[in-house]
Amino acid sequence: MRIQLSQPDNNFLSAAEYNAMFTMHGTTMIFLAIMPISAAFFNYLLPLQIGARDVAFPRLNALSFWIFIAGGLFLYSTFLFGTAGAPEGGYLDEEVSRLASAPNGGWFGYQPNAGLKYSPGTAMDYWAIGLQILGIASLVSAFNFITTILNMRTKGMRLMRMPVFTWMTFAVSFLLAFSLPIIAIALFFVTFDRQFGTTFFLTEGGGDPVLWQHLFWLFGHPEVYILILPAFGIVSEVLPTFSRKPLFGYPAIVFAGFGIAFIGFGVWAHHMFASAISPVAQAGFGLSTMIIAVPTGVKIFNWLGTIWGGKLTLNTPMLFALGFIGMFVIGGLSGVTHSVVPADTQQTDTYYIVAHFHYVLFGGALFGIFSGLYFWFPKVWGRMYNETMGKIHFWLMLIGFNVTFGPMHWLGLQGQVRRTWVYAEETNLGFWNLIVTIGAFILAVAILVFMANWIYSRRKGEKAPFDPWDARTIEWSIPSPTPVWNFSKAPEIKSLDDFWHQKYGEDEDGRAVRREGTDELLLKLEEEGLNPDEEIHLPSPSYFPLILAFGLPFLGYAIIYKSVPLALVGVILLLIGGFGWGTEPLEEEFETSEENPDAKESSTYE
Amino acid sequence: MSETHKEHPSPTKYVQIAIVLAILTAIEVALYYTEDIVGALAAPLLIVLAVGKFVIVVGWFMHLRYENSLINKFFAGGMILALILFAIVMIERAVGNFI
Amino acid sequence: MSDAHAYPHEPTGVETRKLGFWIFLSTEILFFGTLITTFLIFKGRDFPGIKLTDVYDIPFTSVSSFVLLMSSLTMVLAHNALETDDQEKTRVWLLATAMLGAVFLAGQIYEFTEFYHKGFELSTNIFSSTFYVLTGFHGLHVFIGVVLLLALWGVGQRQRGLSLNEGMNLEFIALYWHFVDIVWIVLFTVVYLI
């Protein structure tokens, strides 16, 4: 995309190819990058942070993972099998290349443009059905995480003693649970319009294209909070650790998180200010969008309050967390300018908007994610990443990111239109577009540095102690890499940041003073962590979630190619998976070797 | 199972509840047929009857009346969110189409 | 889950699987809410073409509604029977529920066939699209419920009784079944009667 836009009147990519590229870029980044990485963090950290051994529904967890894999493969199979035709009476070439035979209606699939008449072929069906399948994965994990947080907490882990990352997981799960059903229906409507001749979004049949926008953004707006809240959670763990201070205003951060989630359901039509909505709707949604800046601001001030007066360690996770604050605030400021309806009418569909959401999603969510990846690297792999390479990654990324997305602010205000494959020489947009492209390549180098660091350090990194950062929360009190059973015995929590308080007391001025027994405590924890003295039972592995998950793509292909045999295969896989799972005895997980010496089902650790 | 402490209506009680539901349904159908007599009242009355049946099935058959308040909150939360969101969309579309 | 003695059991006081299932049901509210809202948005619109009111048969649908309502009764009687450990009665009521559900579905299929003959098809116009997709998804949910009920009946039949764990499954299937019934309560009023 950036090569194509580096010069005016370029033809590196055809229009059709460009459309496919920006559609798949958005779709991939949201559904196959940020959401899964956040899900990975939730999966790994949630049980650890609440002191549990596992999630509430282990097989459902596996299902979520396998559906994600199946859905991602299905979506990307469009590059192999998808077709995209030219709309009737349109001006594009009849034949499009393989690269262009991918979904090309934008990640938001506006109707009727992404409907059968203007996007013939199968590519947009791969999009709609692929997203449908991926949605199920996230929905299912939402049930799991909500139940886990409510019912699997260890002794003393009251809700207001949970780490902020856990709270953000909780909020995200509610957002997922209530927004995904809406997009599921919207995607069914699109699939039915394209495949079965219904007229939900076709005015010829009495339908309403704006309905698509409402349904999509009713999901789409909570979705962006789903994308950013995990990063908020990560940063809320990293900043206190490397400021050696407790998080400032813990209750405010927790409630603000839920405030954002709740209000987030009430701002969706700010994506529709330039669509056919009434002035009353515009005013209402403009107002709610301004209001949502308040809890967001509360969090920012609390993070600043955390750093203020702290003893800062500027290592890689901390740098990314600090970078997050800076970049997210910039993105948030441009976001607030969009809430002013008349201003947004100028900004919408320009690169100004592209700048906004990349500042919050890349500068925000992704920086937060990198912070977390580095922060928890030693916990997950038992090794340290290379700090120098980490810093190089950070600086290259910070510079590259701002060089790429900064100029988009004024390019947009000067009128560069988004989602367009080419711009004319006369627009004088060439110079800054070239700078943007150079920035994109700097970013690519930054990512390569990160990948090299990751791959190398996983194998050859220095072995890390289990608490390398002198951290605050209980996941740092168990060995690294974490044992499969997490905790050797159920921890008993006496306060927020319990692990910190086990290590440190306070003097009269409230400053942290290392307790005398702390060295011994750490040795004891390490030893106990690896050698549990009770028998631990973990759920037995199960194939049924995998089988069930892979039934779904078959149903997808069946709908696209109108194939009854494929549908039957899909249904059979679903039935085998479902019934096998439903009749798989739970009891077998709990058989101890005393009760039944022949029990092979459970994985028992002694 | 954690059923030990919960009250359960008896089978007789359940049959009585079912009879009430049947009567409510009969009234609904009657309302449909007497719409010219009842006039504008028909729609609100039908909604009230439907809500009544809804609450009865959820409360007694689905046992929500006797369940932990946490479950009540989830159900109520989902309902309230759905009702508000969809009221906004319906009003917006109604207004949008008449302008 | 594991080591009930070492780990505190369910701090909320609600059984874990039941909690998970109610959360699932709240998301189904959003699912059907969206379908119903879409139907209502288009219901009164001034668009030429055949409407549901031109083809429906209220007496017939009323009987169908009554059947589904009664299946909720048999469902709750099945649950009650299991509570009192009357395995035979449990199976009888389970089967009754499944049968009533199947009768409802048969009624739906008959109804839809009649509508098709009168020219009210899935792709006819927006009124038919919204109608069929809404009632169709409901019907699909009923169908899945019937399959689950028969499966549980079958398990009970083969084992000559349902164990404690399977009893939990009955409770969830019951919740699911009642949910499908309350969706119909709303649908019948909003789609047919008003």
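Predicted model: local features only at pLDDT ≥ 70, side-chain atom pairs only at ≥ 80, totals over all residues.
Student: Why is A567(A) called partly exposed?

Tutor: A567(A) has 17 C-beta neighbours inside 10 Å, and since a residue is buried at 20 or more such neighbours and exposed at 12 or fewer, with partly exposed in between, A567(A) therefore counts as partly exposed.

Student: Which residues is A567(A) in contact with, once its neighbours within four places in sequence are left aside?

Tutor: Those residues are L555(A) and A558(A), and contact here requires C-beta atoms that lie within 7 Å. For L555(A), which is 12 residues apart from A567(A) along the chain, the C-alpha atoms of the two residues are separated by 5.0 Å.

Student: How many residues of chain A are in contact with chain C?

Tutor: On the chain A side there are 38 residues, and they are in contact with 34 residues of chain C. The elements of chain A that give two or more residues to this side are α5 (123-151), α6 (164-195), α7 (209-243) and β3 (536-538), and the largest share, 7 residues, comes from α6(A).

Student: What kinds of residues make up the side of chain A that touches chain C?

Tutor: The residues of that side divide into 22 nonpolar, 10 polar and 6 charged.

Student: Which domains does chain B have, according to the domain assignment?

Tutor: The assignment gives domain 1 (8-67) and domain 2 (68-99) of chain B, and the centres of these two domains, taken over C-alpha atoms, are separated by 22 Å.

Key: Residues numbered from 1 in each chain as written. Chains lettered and ligands numbered in written order. Contact = placed C-beta atoms within 7 Å. Helix = DSSP H or I, 4+ residues; strand = E, 2+ residues; numbered from the N terminus. Nonpolar A, V, L, I, M, F, W, Y, C, P; charged D, E, K, R; others polar. Domains from an automatic or database assignment.
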